[in-house]
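Please look at the sequence and the three-dimensional structure shown below. The paragraphs after it are meant to be read with both in view.

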Amino acid sequence: MTRIHAMIGVLQLPDVSTLSPAVLITGVLVLLFLSITMLFVSRYRRCPANRVLVISGRVGTGQSARVINGGGAFIWPVIQEYAFLDLTPLQIDINLTDALSLENIRVKVPSQVTVAVGDTPEFQQNAAARILNLSADATRELAANIIFGQMRQVIASMRIEDINRDRDQFRANIEHALEPELKKIGLKLINVNIKDLNDESGYIEAIGREAGARAVNKAKGDVAEQEKLGAIAVAQAEQEKDIEVSNANREREIGVKSAARDTAVRLADLDRETAVAQQRAEFARDTEIAQADQERRIAVSAANANAITGETEAQASIAAAQAKLQVKQAEAFELGETRKRVASAAVSEAENRAQAKAALAEAERIEAERRAALEAPAKAEKARRIVEAEALAESRRLEAQGEAAAIFARLEAEARGEYEKLSKKAEGLERIVAACGSADEAYRLLMLEKIEYLADKTAEAVSNIRFDKVVMWGGANGNSAGSGVSSFVTDLMSTIPPALHTMMNIGGVKLGDGVVQLVEDEPSVAAPAGDGTKKVVELPE
């Protein structure tokens with residue numbers, strides 16, 4: 001700051017009244033920025049790796065200090081302050097004497113303990129609260145007092161033999177007792193080095209001598225045991241050596257004999273293979289000689305055969321050429337003769353064809369003359385008959401038309417007459433109905449006029465009936481005296497004449513007994529009792 005003030009004093013400031021407002025504002029802003037930057041630079045604190053930055057003052061609600069490892073932080077003026085905690089380990093010599101063991105024996109335990117500020121926020125918060133402004137010697141003295149007390153307590157809880165025999169457990173007990181107490185002031189136990197362990201009564205020394213004697217004895221026993229084991233091992237090694245030597249000798253003799261046997265076998269095989277190879281070589285040689293002779297003979301025979309074949313083929317070719325020549329000559333002669341005869345036949349055919357055409361032309365001429373002579377009268381007769389037939393047909397047609405016209409006129413006259421008759425009959429019936437008073441009365445009157453005719457027809461119908469065989473169904477209306485043909489005829493007569501009933505119903509006329517009379521002396525045929533079955537009665541004619 002002093003340097004900055006000196007630099008400002010050196011600067012020649014211009015007259016403020018001659019500057020414009022913008023320049024003044026800009027200058028003020030620049031000065032403000034420079035002041036803030038200088039303030040930030042002057043109040044920013046970096047934290048080294050072997051130290052802890054402790055910020056106290058107004059650091060937050062419920063916090064007395066804020067610790068920072070590494071990096072840096074801005075320290076607000078007036079409301080905050082800062083300090084550093086050193087993380088360098090402290091070595092503390094502990095010359096502990098007259099400490100009572102569990103057997104109330106005073107012992108001397110010179111040791112060296114290494115502590116340092118812990119690396120966790122909890123340790124560092126405790127250190128900031130307890131030893132922030134203490135010097136290293138003051139911190140070392142404070143820690144030594146704590147260590148003395150805890151070591152005395154640990155020794156008082158252990159036997160001398162346990163302390164002497166199990167140093168690791170002794171050290172673990174010390175660490176277990178020291179760590180919570182050192183943590184309260186923010187220190188962490190790094191190492192405990194027990195330099196020695198002595199007592200004023202010589203108990204530990206006696207224990208040492210006893211242990212030494214026991215160790216010496218044990219060592220002597222171990223030596224004897226090892227010597228015994230060594231002798232046994234030597235004997236076993238010699239035995240194994242003898243066995244292995246014997247095995248080796250046996251294997252050697254076996255190997256030598258096996259080698260000799262294999263040599264003999266191999267030599268025999270070689271002799272055999274040599275003999276076989278010689279035989280095969282001789283056989284191959286003979287075979288090759290025979291094959292060469294065979295090939296030579298085959299080649300000679302083939303050459304002779306080829307020569308004979310060539311001669312034969314040459315002769316065959318000559319004969320074939322001669323035969324082909326003769327055939328060609330014969331074909332030429334045949335072709336010449338054939339063509340000569342064909343030409344001659346063609347000439348004869350042409351002559352015959354010309355003669356036939358001349359004959360046909362003469363025949364056609366004669367036929368035409370005769371046809372003309374015959375067709376003229378036939379055509380005249382044909383024309384005459386056609387004219388006569390047409391005249392006859394026309395005559396018949398005219399006659400038929402005349403007859404049809406006459407029939408039509410007659411039928412028309414008859415129809416007109418019938419129509420007049422029916423008209424008159426209708427007029428008459430109308431008058432009859434009018435005269436009778438009703439159609440029913442007129443109907444009855446007319447039926448009465450026809451009564452005689454109906455009676456004649458009914459009598460004629462009954463008389464023409466021939467009763468050769470009557471088939472009866474049921475009991476014939478009686479079981480004894482009334483049964484038979486008479487009862488059957490009675491039934492028949494009661495059902496047959498509808499005309500009589502008609503006359504009675506319509507005209508109110510009842511015919512006398514003489515109109516319909518049954519013949520009573522007709523022979524009857526006994527019938528079986530009525531039982532509702534079919535009965536056949538034979539009647540005489």
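The following paragraphs go from the whole chain to a helix, and then to individual residues and rings.

This is a predicted model, in which local features need pLDDT of at least 70 and side-chain atom pairs count only at pLDDT 80 or more, while totals for chains, interfaces and linings use all residues. Residues are numbered from 1 along each chain as its sequence is written, and side-chain values use heavy atoms, with hydrogens and water left out.

The secondary structure of the chain consists of 11 helices and 11 strands. Both are DSSP runs, numbered from the N terminus: helices (H or I) have at least four residues and strands (E) at least two. Of the 541 residues in the chain, 16% are buried. Here, buried means under 20% relative accessible area, exposed means over 50%, and partly exposed lies in between, with a 1.4 Å probe and protein chains only. The chain exposes about 39,900 Å², and carbon and sulfur atoms supply 57% of this area. Accessible areas come from the Shrake-Rupley method with a 1.4 Å probe; for residues, only the protein chains shown count as cover. A contact means heavy atoms within 4.5 Å. Among the contacts in the chain with a separation of 6 or more, 69% are between residues 24 or more positions apart.

Consider next helix H7, residues 203-436. What would a straight helix of 234 residues span? At 1.5 Å a residue the span would be 350 Å, but H7 spans only 187 Å between its end C-alpha atoms. The expected span is 1.5 Å times one less than the number of residues. At Glu375, H7 bends by about 30°, and the proline Pro377 follows within four residues. The bend at a residue is the angle between axes fitted to the seven residues ending there and the seven starting there. The buried residues of H7 are Ile204, Ile207 and Ser423. Their cover includes strand E7 (106-117), helix H5 (160-165) and strand E9 (198-199). After H7 comes Gly437, whose phi is positive, near 100°.

Gln150 lies in helix H4, residues 136-156. Gln150 counts as buried because its relative accessible area is 15%. Leaving aside residues up to four places away in sequence, Gln150 touches Ala177, Leu178 and Glu181. Asn104, in contrast, lies in the loop between strand E6 (90-100) and E7. With a relative accessible area of 61%, Asn104 is exposed. Asn104 and Arg159 are 55 residues apart along the chain, and their C-alpha atoms are separated by 9.1 Å.

The aromatic rings come next. Rings of Phe, Tyr and Trp (its six-membered ring) pair if their centres lie within 6.5 Å; planes under 30 degrees apart count as stacked, over 60 as edge-to-face and the rest as tilted. By this rule there are 4 aromatic pairs. Phe74 and Trp76 form an edge-to-face pair, 4.9 Å centre to centre with 85° between the planes. Phe74 is buried at 19% relative accessibility, whereas Trp76 is partly exposed at 49%. Tyr82 and Phe84 also form an edge-to-face pair, 6.0 Å centre to centre with 80° between the planes. Phe40, Tyr44, Phe74 and Trp76 form one aromatic cluster.

Finally, a search of the whole structure finds 0 disulfides, a disulfide being a pair of cysteine sulfur atoms within 2.5 Å. Cys47 is buried at 9% relative accessibility, and Cys436 is partly exposed at 29%.
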